[in-house]
Amino acid sequence: MDLIIIITALLAISTIFSFINARWIKLPGVIGVMVLAIVAAFITVVAGSAVSGFTKFILELTNSIDFSKTLLDVMLGFLLFASALHFDVNKLRENLRGVLLISTIGVILSTIIFAGLFYGLLHLCSMDIPFIYCLVFGALISPTDAVAVAALLTKSKMPERLKTIISGESLFNDGIGIVLFVSFSEVASIPEKNFSVTEAAKLFGQEVFGGLLLGGILGLAAYRMMRLIQDFQTIVMISVTLVLSIAAIAGIFHVSAPLAVVAAGLLIGSHSFNQHESISHSENLERIWSLADELLNTVLFVLIGLQLVSIAVRPDYLLIGVAAIVILLAARALSIVLPIAFLRRTLSLQYSSVAILTWGGLRGGISVALALSLPDSPYKPLILTAGFVIVVFSIVVQGLTLNKFINMLVKNPG
């Protein structure tokens with residue numbers, strides 16, 4: 001397909017699904033459009049020749065889009081910048097210890113616990129899979145997704161402190177998640193290569209600190225340019241150029257583009273400029289990016305749903321995916337409980353918060369994108385299918401029931 005046809009088709013499908021959801025289904029925006037996209041993909045997979053024209057169109061569209069590259073290299077930067085731009089930096093400072101602990105130690109613990117339990121599950125099912133692939137799966141599915149979290153927690157009744165922790169965690173856990181994923185993937189693809197803690201630490205430092213430094217430098221430069229002018233159109237152009245420049249430069253120096261974008265967004269969002277205006281340009285900029293965030297989220301969740309056509313839908317893989325949901329929730333809970341047990345006074349978190357943080361830890365398109373980016377192997381279809389099942393459950397089930405779950409805990413704290 002031509003690029004213009006792909007873009008037009010995606011926007012048209014997203015618009016139609018959004019209209020159907022708003023007019024009749026009335027689910028929360030991104031959940032509704034993703035459910036409709038899954039239904040469309042399911043029709044494509046199951047109906048086949050019965051609706052050959054529709055099937056051919058959906059297959060051509062999904063095959064024409066490199067989901068991993070589109071999300072990780074293009075859309076993710078804009079979505080993370082929008083989330084970071086209106087994030088309350090003061091609340092982040094107050095809960096920084098909890099955010100950093102859960103986004104680093106928590107992700108490592110969750111990855112290891114999930115990998116061990118998943119390996120045991122596959123062993124019980126008489127499926128032979130190397131443990132390293134379980135670690136790869138754990139690394140791509142353990143970090144919470146900032147895009148999904150931002151999209152679904154906006155109207156959540158979660159206590160503000162917990163919302164800050166889980167939102168902040170989702171913005172910062174990219175660093176350790178990517179390092180673990182890259183390290184384990186290299187070991188999996190090169191059997192004779194052993195996992196090196198030294199190499200992983202070096203990669204972590206380069207990705208994380210390099211990304212934060214890049215975002216800080218470019219974000220500060222962009223902010224100072226914005227303060228020197230009155231033209232709002234130019235200010236918006238500076239912000240868009242900033243995100244694209246970070247993506248390009250981060251790729252050259254092999255640092256974390258998502259962390260760089262988050263750093264730049266937090267820096268610009270925490271400072272106001274043109275205060276003499278009745279409504280400051282910084283507030284208008286946040287509104288523009290909030291709108292862009294909602295539009296891109298709609299397209300992204302349509303893309304996630306349509307990815308079903310590229311997944312090997314085997315009954316045994318689907319059942320394993322359902323079991324993996326339970327395993328991931330258990331690993332998530334333990335990865336929060338263990339740090340709290342050792343640092344309860346420092347974190348000032350109660351054990352009653354664990355259930356909310358566990359159920360509110362949403363997974364999204366990044367997990368699917370990383371799974372799709374894996375080199376072909378006998379184990380990729382299983383990881384991709386189980387990962388997709390987890391993501392759909394996370395967004396649809398956890399997203400729809402989060403407020404009811406919180407209300408239930410509040411009414412029955414014991």
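Throughout this tour, buried means under 20% relative accessible area, exposed means over 50%, and partly exposed covers what lies in between, computed with a 1.4 Å probe on protein chains only. The model is predicted, so local features need a pLDDT of at least 70 and side-chain atom pairs count only at pLDDT 80 or more, whereas totals for chains, interfaces and linings use all residues. Residues are numbered from 1 along each chain as its sequence is written, and side-chain values use heavy atoms, with hydrogens and water left out.

**The cysteines**

Begin by selecting Cys125, which is partly exposed because its relative accessible area is 38%. If a disulfide is taken as a pair of cysteine sulfur atoms within 2.5 Å, the count for this model comes to 0. Cys125 is in no disulfide, and the nearest cysteine sulfur, that of Cys134, is 12 Å away. Seen from the other end, the sulfur of Cys134 has its closest cysteine sulfur in Cys125, and the 12 Å between them is too far for a bond. Cys134 itself counts as buried, because its relative accessibility is 0%.

**Two loops with positive phi**

Phi of Ser126 is near 60°, a positive value in a residue other than glycine, and Ser126 counts as exposed because its relative accessibility is 68%. Then select Lys26, in the loop between helix H1 (3–25) and H2, where phi is again positive in a residue other than glycine, at a value near 60°. Lys26 is exposed, with a relative accessible area of 60%.

**A nonpolar patch on the surface**

Select Phe42, Val45, Val46, Val313 and Leu318 together: they form a nonpolar surface patch with about 420 Å² of accessible area in total. Patches are made of residues with over 30% relative accessible area and no salt bridge, with like charges joined within 9 Å and nonpolar side chains (Val, Leu, Ile, Met, Phe, Trp, Tyr) joined within 5 Å. The areas come from the Shrake-Rupley method with a 1.4 Å probe, and for residues only the protein chains shown count as cover. Helix H2 (residues 29–47) supplies the largest share of this patch, 3 residues. Phe42 lies in helix H2 and counts as partly exposed, because its relative accessibility is 49%.

**Salt bridges**

A salt bridge is a side-chain nitrogen of Lys or Arg within 4 Å of a carboxyl oxygen of Asp or Glu, and a search of the whole structure finds 6 of them. Select Asp316 and Arg314, whose side chains meet in a salt bridge at 2.6 Å, N to O. Asp316 is partly exposed because its relative accessibility is 26%, and Arg314 is partly exposed with a relative accessible area of 38%.

Move to helix H9 (residues 160–172), which holds both Lys163 and Glu160, 3 residues apart, or about one turn of the helix. The closest N and O atoms of their salt bridge are 3.9 Å apart. Lys163 is buried, with a relative accessible area of 14%, whereas Glu160 is partly exposed at 44%.

Then select Arg332 and Glu169, whose side chains form a salt bridge at 2.7 Å, N to O. This pair links distant parts of the chain, with Arg332 in helix H15 (residues 315–342) and Glu169 in helix H9, 163 residues apart. Both Arg332 and Glu169 are buried.

**Into the interior**

A nonpolar core is a set of buried Ala, Val, Leu, Ile, Met, Phe, Trp, Tyr and Cys residues joined through side-chain atoms within 4.5 Å. The largest one has 135 residues, and Phe114, Phe118, Phe137, Leu140, Ile268, Leu285 and Phe301 touch the most other members. Helix H19 (residues 380–411) gives the most to this core, with 13 residues.

Centre the view on Leu140, which, leaving aside neighbours within four places in sequence, is in contact with Phe181, Ser367, Leu370, Ala371, Leu374 and Ile383; contact means heavy atoms within 4.5 Å.

Finish at Ala264, in helix H13 (residues 257–269), which counts as buried because its relative accessibility is 0%. Not counting residues up to four places away in sequence, Ala264 touches Phe81, Gly215, Gly219, Leu242 and Ile246.

Conventions. Helix = DSSP H or I, 4+ residues; strand = E, 2+ residues; numbered from the N terminus.
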